[in-house]
Amino acid sequence: MSERIPIGDRTLHVVQRGSGDPLLLIQGMSGTHASWGEPFLSALDPALATISYDHRGIGRSDPAAEPFSIVDLADDALALLDALGHASAHVMGISMGGMVAQELALKAPERVRSLTLGCTYSGGEGASLAAPETIQRLSEGMMSGDRERAIRTGYEINVSPTFAADEAHWPAFLAMATATPAPIATIMLQMQAVGAHDTLARLGAITAPTLVVHGDADLMLPVANGVLIADAIPGARFERFADVGHLFWWERPEQTAALVTAHCAGATNPA
(Lines give C-alpha, C1' and ligand atoms only; values in the text may rest on other atoms or scores of the structure.)
Protein backbone atom coordinates (compact mmCIF):
# COMPACT_ATOMS: atom_id res chain seq x y z
CA MET A 1 0.00 0.00 0.00
CA SER A 2 1.42 3.36 -1.08
CA GLU A 3 0.24 6.59 0.53
CA ARG A 4 1.23 10.09 1.58
CA ILE A 5 1.30 10.66 5.34
CA PRO A 6 1.19 14.16 6.91
CA ILE A 7 4.12 14.68 9.30
CA GLY A 8 3.98 18.09 10.94
CA ASP A 9 4.12 20.67 8.16
CA ARG A 10 5.22 18.21 5.47
CA THR A 11 4.06 14.99 3.85
CA LEU A 12 6.12 11.81 3.51
CA HIS A 13 5.55 9.11 0.91
CA VAL A 14 5.20 5.70 2.57
CA VAL A 15 4.87 2.14 1.28
CA GLN A 16 3.58 -0.64 3.56
CA ARG A 17 3.59 -4.33 2.68
CA GLY A 18 4.05 -7.81 4.14
CA SER A 19 2.62 -9.24 7.35
CA GLY A 20 3.75 -9.68 10.93
CA ASP A 21 5.47 -7.30 13.32
CA PRO A 22 6.25 -3.83 11.94
CA LEU A 23 9.74 -3.17 10.56
CA LEU A 24 10.59 0.46 9.83
CA LEU A 25 13.10 0.64 6.97
CA ILE A 26 15.22 3.83 6.87
CA GLN A 27 17.12 4.47 3.67
CA GLY A 28 20.45 6.21 3.14
CA MET A 29 21.63 9.27 1.26
CA SER A 30 19.67 9.73 -2.00
CA GLY A 31 17.81 6.48 -1.28
CA THR A 32 14.06 6.11 -1.69
CA HIS A 33 11.45 3.48 -0.84
CA ALA A 34 12.39 1.80 -4.14
CA SER A 35 16.05 1.46 -3.10
CA TRP A 36 15.33 -1.61 -0.97
CA GLY A 37 14.70 -3.64 -4.12
CA GLU A 38 12.02 -6.22 -4.75
CA PRO A 39 14.15 -9.30 -3.94
CA PHE A 40 14.90 -8.06 -0.41
CA LEU A 41 11.36 -6.87 0.33
CA SER A 42 9.80 -10.05 -1.06
CA ALA A 43 12.00 -12.13 1.22
CA LEU A 44 10.79 -10.12 4.24
CA ASP A 45 7.08 -10.18 3.33
CA PRO A 46 6.10 -13.49 4.96
CA ALA A 47 7.44 -12.56 8.40
CA LEU A 48 7.42 -8.75 8.73
CA ALA A 49 5.16 -5.84 7.86
CA THR A 50 7.64 -3.42 6.30
CA ILE A 51 7.29 0.34 6.32
CA SER A 52 9.56 2.04 3.79
CA TYR A 53 9.43 5.76 3.06
CA ASP A 54 11.07 8.63 1.24
CA HIS A 55 12.97 11.10 3.42
CA ARG A 56 11.99 14.75 3.33
CA GLY A 57 12.99 16.28 -0.01
CA ILE A 58 13.48 12.88 -1.68
CA GLY A 59 11.35 10.75 -4.00
CA ARG A 60 7.63 11.40 -3.68
CA SER A 61 7.84 13.20 -0.31
CA ASP A 62 7.49 16.96 -0.05
CA PRO A 63 10.51 19.09 -1.10
CA ALA A 64 12.99 20.29 1.53
CA ALA A 65 14.67 23.66 1.09
CA GLU A 66 16.05 24.29 4.59
CA PRO A 67 19.02 22.51 6.20
CA PHE A 68 18.22 19.63 8.55
CA SER A 69 20.10 17.34 10.89
CA ILE A 70 20.18 13.59 11.42
CA VAL A 71 18.17 14.22 14.61
CA ASP A 72 15.52 16.00 12.50
CA LEU A 73 15.29 12.92 10.29
CA ALA A 74 14.95 10.74 13.41
CA ASP A 75 12.08 12.97 14.50
CA ASP A 76 10.46 12.40 11.10
CA ALA A 77 10.75 8.63 11.64
CA LEU A 78 9.19 8.81 15.10
CA ALA A 79 6.39 11.04 13.84
CA LEU A 80 5.76 8.53 11.06
CA LEU A 81 5.41 5.71 13.59
CA ASP A 82 2.96 7.89 15.52
CA ALA A 83 0.93 8.66 12.39
CA LEU A 84 0.73 4.96 11.52
CA GLY A 85 -0.34 4.03 15.04
CA HIS A 86 2.75 2.03 16.05
CA ALA A 87 3.80 2.37 19.67
CA SER A 88 6.99 0.49 18.74
CA ALA A 89 8.60 -1.25 15.78
CA HIS A 90 11.68 -3.09 14.69
CA VAL A 91 14.01 -0.62 12.98
CA MET A 92 16.53 -1.15 10.18
CA GLY A 93 18.63 1.74 8.93
CA ILE A 94 21.37 1.63 6.32
CA SER A 95 24.12 4.18 5.65
CA MET A 96 22.66 7.64 6.48
CA GLY A 97 19.51 5.78 7.55
CA GLY A 98 21.63 3.87 10.04
CA MET A 99 22.68 7.19 11.54
CA VAL A 100 19.00 8.16 11.78
CA ALA A 101 18.27 4.81 13.43
CA GLN A 102 21.03 5.39 16.00
CA GLU A 103 19.51 8.72 17.02
CA LEU A 104 16.02 7.21 17.08
CA ALA A 105 17.13 4.37 19.37
CA LEU A 106 18.90 6.80 21.68
CA LYS A 107 16.07 9.31 21.79
CA ALA A 108 13.15 6.88 22.16
CA PRO A 109 14.42 3.45 23.27
CA GLU A 110 10.93 2.29 24.16
CA ARG A 111 9.89 2.64 20.50
CA VAL A 112 12.57 0.29 19.12
CA ARG A 113 11.91 -3.45 19.49
CA SER A 114 15.16 -4.33 17.74
CA LEU A 115 17.79 -2.41 15.79
CA THR A 116 19.60 -3.38 12.60
CA LEU A 117 22.38 -1.03 11.51
CA GLY A 118 23.81 -1.62 8.06
CA CYS A 119 26.86 -0.11 6.31
CA THR A 120 26.69 2.92 8.58
CA TYR A 121 28.80 5.39 10.55
CA SER A 122 28.91 6.77 14.09
CA GLY A 123 31.27 9.70 13.82
CA GLY A 124 33.86 10.09 16.55
CA GLU A 125 37.41 8.82 16.90
CA GLY A 126 38.13 5.87 14.63
CA ALA A 127 35.18 6.45 12.29
CA SER A 128 35.81 7.26 8.63
CA LEU A 129 33.79 8.49 5.68
CA ALA A 130 34.55 7.70 2.04
CA ALA A 131 38.05 8.41 0.74
CA PRO A 132 38.50 11.76 -1.07
CA GLU A 133 38.99 10.03 -4.42
CA THR A 134 35.66 8.21 -4.00
CA ILE A 135 33.86 11.46 -3.19
CA GLN A 136 35.49 13.16 -6.16
CA ARG A 137 34.40 10.40 -8.52
CA LEU A 138 30.82 10.54 -7.21
CA SER A 139 30.76 14.34 -7.47
CA GLU A 140 32.02 14.30 -11.03
CA GLY A 141 29.29 11.86 -11.97
CA MET A 142 26.55 13.92 -10.30
CA MET A 143 27.74 17.20 -11.80
CA SER A 144 28.28 15.79 -15.30
CA GLY A 145 24.75 16.60 -16.43
CA ASP A 146 24.49 13.03 -17.73
CA ARG A 147 21.93 11.25 -15.54
CA GLU A 148 22.83 7.74 -16.60
CA ARG A 149 26.55 8.42 -16.09
CA ALA A 150 25.81 9.70 -12.58
CA ILE A 151 23.76 6.61 -11.75
CA ARG A 152 26.34 4.26 -13.24
CA THR A 153 29.14 5.92 -11.25
CA GLY A 154 27.15 5.59 -8.03
CA TYR A 155 26.38 1.96 -8.84
CA GLU A 156 30.00 1.00 -9.47
CA ILE A 157 31.10 2.65 -6.22
CA ASN A 158 28.29 1.25 -4.10
CA VAL A 159 28.48 -2.41 -5.12
CA SER A 160 31.46 -4.76 -5.18
CA PRO A 161 33.59 -5.10 -8.34
CA THR A 162 32.44 -8.70 -8.71
CA PHE A 163 28.76 -7.72 -8.61
CA ALA A 164 29.25 -4.77 -10.99
CA ALA A 165 31.13 -6.97 -13.47
CA ASP A 166 27.96 -8.98 -14.11
CA GLU A 167 25.97 -6.77 -16.50
CA ALA A 168 22.82 -8.74 -15.72
CA HIS A 169 22.60 -6.82 -12.44
CA TRP A 170 22.63 -3.35 -14.01
CA PRO A 171 19.12 -3.02 -15.55
CA ALA A 172 17.30 -3.55 -12.24
CA PHE A 173 19.48 -0.97 -10.52
CA LEU A 174 18.98 1.55 -13.32
CA ALA A 175 15.22 1.05 -13.21
CA MET A 176 15.20 1.55 -9.44
CA ALA A 177 17.38 4.66 -9.59
CA THR A 178 15.23 6.33 -12.26
CA ALA A 179 11.88 5.40 -10.69
CA THR A 180 11.82 8.23 -8.15
CA PRO A 181 13.72 11.56 -8.01
CA ALA A 182 16.62 12.39 -5.72
CA PRO A 183 17.33 16.11 -6.26
CA ILE A 184 21.00 17.10 -6.02
CA ALA A 185 20.09 20.03 -3.73
CA THR A 186 18.56 17.62 -1.20
CA ILE A 187 21.51 15.24 -1.45
CA MET A 188 23.79 18.17 -0.58
CA LEU A 189 21.64 18.86 2.52
CA GLN A 190 21.89 15.18 3.44
CA MET A 191 25.68 15.34 3.10
CA GLN A 192 25.77 18.29 5.51
CA ALA A 193 23.68 16.34 8.01
CA VAL A 194 25.96 13.29 7.74
CA GLY A 195 29.05 15.44 8.24
CA ALA A 196 27.74 16.65 11.59
CA HIS A 197 26.68 13.21 12.86
CA ASP A 198 28.46 11.93 15.98
CA THR A 199 26.93 9.32 18.28
CA LEU A 200 29.98 7.22 19.20
CA ALA A 201 30.23 8.38 22.82
CA ARG A 202 26.49 7.70 23.32
CA LEU A 203 26.13 4.31 21.65
CA GLY A 204 26.67 2.50 24.95
CA ALA A 205 23.23 3.75 26.01
CA ILE A 206 21.39 1.82 23.27
CA THR A 207 19.25 -0.87 24.86
CA ALA A 208 17.67 -2.41 21.77
CA PRO A 209 19.03 -5.79 20.65
CA THR A 210 21.33 -4.74 17.83
CA LEU A 211 22.55 -6.41 14.65
CA VAL A 212 25.32 -4.64 12.72
CA VAL A 213 25.87 -5.68 9.08
CA HIS A 214 28.68 -4.48 6.82
CA GLY A 215 30.28 -5.59 3.56
CA ASP A 216 34.06 -5.69 3.67
CA ALA A 217 34.35 -4.25 0.12
CA ASP A 218 32.45 -1.09 1.11
CA LEU A 219 34.04 2.04 -0.41
CA MET A 220 31.44 4.51 0.89
CA LEU A 221 31.78 3.67 4.58
CA PRO A 222 34.64 1.23 5.21
CA VAL A 223 33.92 -1.91 7.21
CA ALA A 224 35.93 -0.64 10.19
CA ASN A 225 32.94 1.64 10.91
CA GLY A 226 30.71 -1.39 11.47
CA VAL A 227 33.25 -2.96 13.81
CA LEU A 228 33.51 0.29 15.77
CA ILE A 229 29.73 0.54 16.17
CA ALA A 230 29.28 -3.10 17.16
CA ASP A 231 32.01 -2.76 19.79
CA ALA A 232 30.33 0.34 21.24
CA ILE A 233 26.79 -1.06 21.60
CA PRO A 234 26.32 -3.52 24.48
CA GLY A 235 25.62 -7.03 23.23
CA ALA A 236 25.60 -6.08 19.56
CA ARG A 237 26.14 -8.83 16.99
CA PHE A 238 28.37 -8.09 13.99
CA GLU A 239 27.88 -9.75 10.60
CA ARG A 240 30.56 -9.21 7.94
CA PHE A 241 29.69 -9.96 4.32
CA ALA A 242 32.84 -10.99 2.46
CA ASP A 243 33.53 -9.33 -0.90
CA VAL A 244 30.31 -7.29 -0.73
CA GLY A 245 30.03 -3.55 -1.25
CA HIS A 246 28.03 -0.78 0.41
CA LEU A 247 24.65 -2.00 -0.88
CA PHE A 248 24.85 -5.37 0.88
CA TRP A 249 21.07 -5.96 0.84
CA TRP A 250 21.10 -5.41 -2.94
CA GLU A 251 23.94 -7.88 -3.48
CA ARG A 252 22.73 -10.42 -0.89
CA PRO A 253 18.95 -9.87 -0.54
CA GLU A 254 17.93 -13.33 0.67
CA GLN A 255 20.82 -13.64 3.13
CA THR A 256 20.15 -10.16 4.50
CA ALA A 257 16.42 -10.81 4.86
CA ALA A 258 17.09 -14.07 6.69
CA LEU A 259 19.43 -12.29 9.14
CA VAL A 260 16.96 -9.47 9.77
CA THR A 261 13.96 -11.79 10.15
CA ALA A 262 15.77 -13.98 12.66
CA HIS A 263 17.06 -10.95 14.56
CA CYS A 264 13.57 -9.44 14.84
CA ALA A 265 12.05 -12.78 15.90
CA GLY A 266 14.50 -13.23 18.74
CA ALA A 267 14.55 -9.65 20.03
CA THR A 268 13.36 -8.43 23.42
CA ASN A 269 14.17 -4.83 24.28
CA PRO A 270 14.58 -4.27 28.04
CA ALA A 271 13.54 -0.64 27.57
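This is a predicted model: local features need pLDDT of at least 70, side-chain atom pairs count only at pLDDT 80 or more; totals for chains, interfaces and linings use all residues.

Which residue is the bridge partner of L25 in β5? I found M92 there. Residues are numbered from 1 along each chain as its sequence is written, and side-chain values use heavy atoms, with hydrogens and water left out.

**Strand β3.** I took strands (E, at least two residues) and helices (H or I, at least four) as DSSP runs, numbered from the N terminus. β3 covers residues 21–26, and five of its six residues are buried, so the rest of the structure largely encloses it. Buried means under 20% relative accessible area (1.4 Å probe, protein chains only).

**Partners.** Strands pair if DSSP finds at least two bridges between them. β3 runs parallel to β5 (residues 89–94), with four bridges, and parallel to β4 (residues 48–53), with five bridges. I noted P22 opposite A49 in β4.

**Largest pocket.** A pocket is an open set of points on a 1 Å grid over the protein atoms alone, where a 1.4 Å probe fits, with protein on both sides within 12 Å along at least five of seven lines; lining residues have an atom within 4 Å of a point. I counted 45 lining residues, with M29, S30, M142, N158 and I187 nearest the centre. α5 gives the most, seven residues.

**Second largest pocket.** Its lining includes W36, F40, F163 and W249. α1 (38–44) and α10 each give two or more residues to this lining.

Technical notes: Buried means under 20% relative accessible area, exposed over 50%, partly exposed in between (1.4 Å probe, protein chains only).
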